[in-house]
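Biologist: I would like to learn how to read sheets and site annotations in a model. Could you walk me through this one?

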Amino acid sequence: MLNILSVLTDLLSLGTGRRIQYVISKGGSEALLQALISAARTEPPDHSILLPLLRLLARVGQRDRKFGLKVQKAEATDVILSLTRQNLGHHLNLTPCLWVLRVCASNVTAGTTLGINGAMELLFKVITPYSKRHIRTVRAAIEALAALLKSKSNSRRAVNRGYLGGLLRLYQDWHQNDVSNNYIYIRRGLLLCLKHITNIQLGRETFLGSRGMEILFTSVQDCLSCKNLDPIVTTVTQILRKCYPKEPLPVVSVRSSYSFPLPGNVKTEPLCVGFEDDYESDGEEEVEKDLDKGDVESKEEDYDLETDVNKLRSRPVLDRPEEELGQYEAMCLELFHNFQELESESEEDKSLEDRTENLPSTPSHFIPSDNSVKHPNYRWRNQSVTEAGPDPGEKNFKVPLQTWTKKEKCRRDIIDEERDGIETVQNTGSCEKENPAKSHVFTLRPLPKEDAWYKKIFNPECEASTDPSSGERLETSDIVTNLLEEHQENIPFHNPHFYVARAKCIKSIPAYKDLAFPDFWGHQPPPCGKPVLERQYGVQRDKILDDVRRLIQPCDVIGRTVYDLDEPSHSSPGTPGCLTFFSKFESGNLRKAIQVREFEYDLIMNADVNSNQHHQWFYFEVRDMKLAVPYRFNIINCEKFNSQFNYGMQLVMYSVKEALLGRPHWLRAGHDICYYKNHYRCSAAAGGGMRGKYYYTLTFSIKFPHKDDVCYLAYHYPYTYSTMMAHLDSQEQNRNPKKVYWRKQTLCQTLGGNPCPLLTITAMPESKKSDDLEQFYNRPYIFLMARVHPGESNASWVMKGTLEFLVSSDPIADLLRKCFIFKIVPMLNPDGVINGNHRCSLSGDDLNRQWLKPNSQLHPTIYHTKGLLYYLRSIGRAPLVFCDYHGHSQKKNVFLYGCSIKETLWQAGCTVDTAVITEDVGYRTLPKILDKVAPAFVMNSCSFLVEKSRESTARVVVWQEMGVLRSYTMESTYCGCSHGLYKGLQLGTQELEEMGSKFCLALLILHLKSLPCSKKVMDQAALLLDLDEEITDRAQSLKTRFANERDGNDRSK
Ligand SMILES: [Zn+2]
């Protein structure tokens, strides 16, 4: 026996775990356990056999995942326990017993049995009182105890026997005596015991009652400077966080400060009964892991995949009476326009047009390859938008309506054809007249106070009138005039006059009276991109310990509310030594600000209107700052369990002073940024039926660039509804009406009474000749939309890039317009954007979950967009490409989601014979092209799986009900890129806009690759694009084909 054991020991102590696994697979554990039982029964026990047996068992047991179970089966727990008891005085024998005990306890049932039979009492005798003698044994006992405490019943028993206090005292002893840090593993082991005990409510309560917070918080202060002690600091931080008493958010109600009465009492927020705050188990550990290592690109869950083939198959259905579709004819007037007016053009005009027709002899654009894209000067912006302005004298162009008067007149009541946008804008009084109740003085936010620099900017005579310290508000027009006199408008496609005019007309729930400076003045992208922020070591734990300090040293905490949307009278703005906050302006979101310490503020975001959740978007003003002081801000009611803020993303900041000094930039800002679960909870009761849930803190520090500046902070580059409307006004004014067919209509009014614009963009027909008109009418449709989710402002910047490219004088844009008719809804959720929502509309619904059955009253923009798509399908003109622009908060890069039956079934591992299902793989072409032409786009991030939870999104419904093969969601990161040209950079508005323009370029290439093209188009494309071989080949073969056809035609004549 002894020999066999020694051979086994030799065998297993050498080599890899493979040998042990082999032994386990051959029933080794069971055999050893049997041997142990029989050896233990011999009187007196033979320790020469037992000792090597126990050692072997510990080694094998460690690798055997079912060891605990096998111990139970063999009924060996008692044997192990009594061996331990017998050897309490013999440390040499005791240690291997403890090892086996520990591996047994890795199985919770076995551990519980051991606990019931007195294992913890034994272990406690070994580890107390504090002593450095027999250190190996003590260590083994602590590790065994920690393993036992994983069982909740053991933890309960330990607390009831007073072990928690004993463990705390023991930890203190070790901490004080281990000055040279030789026993880190012992200290950590004790902390693990505490960590497991405090997994139960009773444990946390007892921990708090035993002053555990103070003891651990104080002790850990000595450990922070030594990197070797990280395991200790980490575990202490985990325990402190877990035990920090839970509190409700410091707000009157978690429900939004803003509410909106829904038409006809349609519904109230669904009540979901939730669990009370039972905090038994927690997911804390996942968040605790060092988050610096790579992304948590949350993989799509396979179980959510749609596997019902019938559901996946396209099934054209109508969700409304067919007669209703007739109204959308008025939104497709281009199909009925006969362009008689083209006749009246003079020869002079014709030659003007020809001028831009002159194509450069060498390609001015090329499709970048992986190498060529790195060329630093590669930007279409440089080449196009600025290069050729609109033709003067053509600004009065309107798309004539007379040819369609008869039909249109009867639609007038349904479709609110907007008058010429510029006219509306200049007639600034019109809105007030319409709704006198809403009439109010609209003011720009007061400007910074400090006189010295302010005087430098403004001329002396207006100084008196613009002194904001007088407390009087100035008419916006005065300030605007003064400002604009000093500063020439230099931001392309942004006109502050247009902005003010548009902003006055919006209908908001809080009835905004103030204009945020950045939206009015405009934003220009900074000259260079900013790298993803390097996370500094230990930021998160430092911040968390700082939070715990509030509990330990409460006298430190100021706790002064300095801003409160709900109870403005309760806040004390302008208190000396304290920042002033403001958020009541378009897209603003900040509900409350509490000064915690001199330079630290807790901030609370407002929930979406008529909702008690979706806190993510923030945008607010802050002033009265000191210079060169890092202010710490904590946004304490975030909801997502993780954030790109943990992976190098920064928020954005805009300084008014900087803007007036000629640097009007939203810049990435903030350092010491991290995101973690905090101690605030939302109970079911407080949430008004919302189930109890956790909150997370986004913390960041900011050093403001100037003293007493006015700065704006936001989650991402703001883009308001008024910005969009003013942008459309500028575009309308700047386009070349000879070339660009542009039509702006109102798709519908939103719930909040704001018009939702619909654009039609294509090229004017070459002439009114029937061939040209035919070509015009037959252009395939492209349907684009954006900003259904108001917090996804990145989507609007991408859309801005798309629109500017589409109406530009770039020859590629010109060609693209000749290929397609674009229908664009640039902002699907104006109300949400205006009122600072993150996700929903005024009804409290996520509009991108309403596509299956949109309600015409509650979801008008979705209802009518879908109606228009139905109409297009009904006349056989379903769009070639449908794309909905979004922003993504968890992933990097820009990518597409599409829909594929086969990929979904394969991924789900379905046994359905997929060979029977035929599927056009054309849905992959566009993303492949984008991967080549758009530096921010990454094909590998794309997915074409159809999930059940997404079946009511635009992408899936348009794919299924309209039968659009190329139906996509385009997701742009809030953060930056992990691949390609922008790898390691955070995206700026320039890169987002570029994405929008590259999307257009990709559409043109898609057209060339997959649609029949005229020779003319191919020739022009060949001149403009340095097309890859595939396309060039095709162009070549087309040329030959056309040549042949022409020859054939000639012959037949
Ligand atoms: Zn979205």
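Modeller: Gladly! Two strands pair if DSSP finds at least two bridges between them. Helices (H or I, at least four residues) and strands (E, at least two) are DSSP runs, numbered from the N terminus. In E7, the residue bridged to Lys-592 is Ile-604. This is a predicted model, where local features need pLDDT of at least 70, side-chain atom pairs count only at pLDDT 80 or more, and totals for chains, interfaces and linings use all residues. Residues are numbered from 1 along each chain as its sequence is written, and side-chain values use heavy atoms, with hydrogens and water left out.

Biologist: In which sense do strands E6 and E7 pair?

Modeller: Strands of a sheet pair through backbone hydrogen bonds, either parallel or antiparallel. Here strand E6 (residues 592-597) and strand E7 (residues 600-604) are antiparallel, with 5 bridges.

Biologist: What is the strand order of the open sheet?

Modeller: Its 6 strands run E4-E6-E7-E9-E13-E12, with mixed pairing. Strand E4 (560-564) and strand E12 (671-682) are the edges, each pairing on one side only.

Biologist: Which residue does UniProt list for "active site"?

Modeller: UniProt positions are given in the numbering used here, feature names are shortened, and annotations may be inferred rather than shown by experiment. The unreviewed UniProt entry lists Glu-971, which lies in strand E21 (residues 966-973).

Biologist: Is Glu-971 buried or exposed?

Modeller: Buried means under 20% relative accessible area, exposed over 50%, partly exposed in between (1.4 Å probe, protein chains only). Glu-971 counts as buried because its relative accessible area is 8%.
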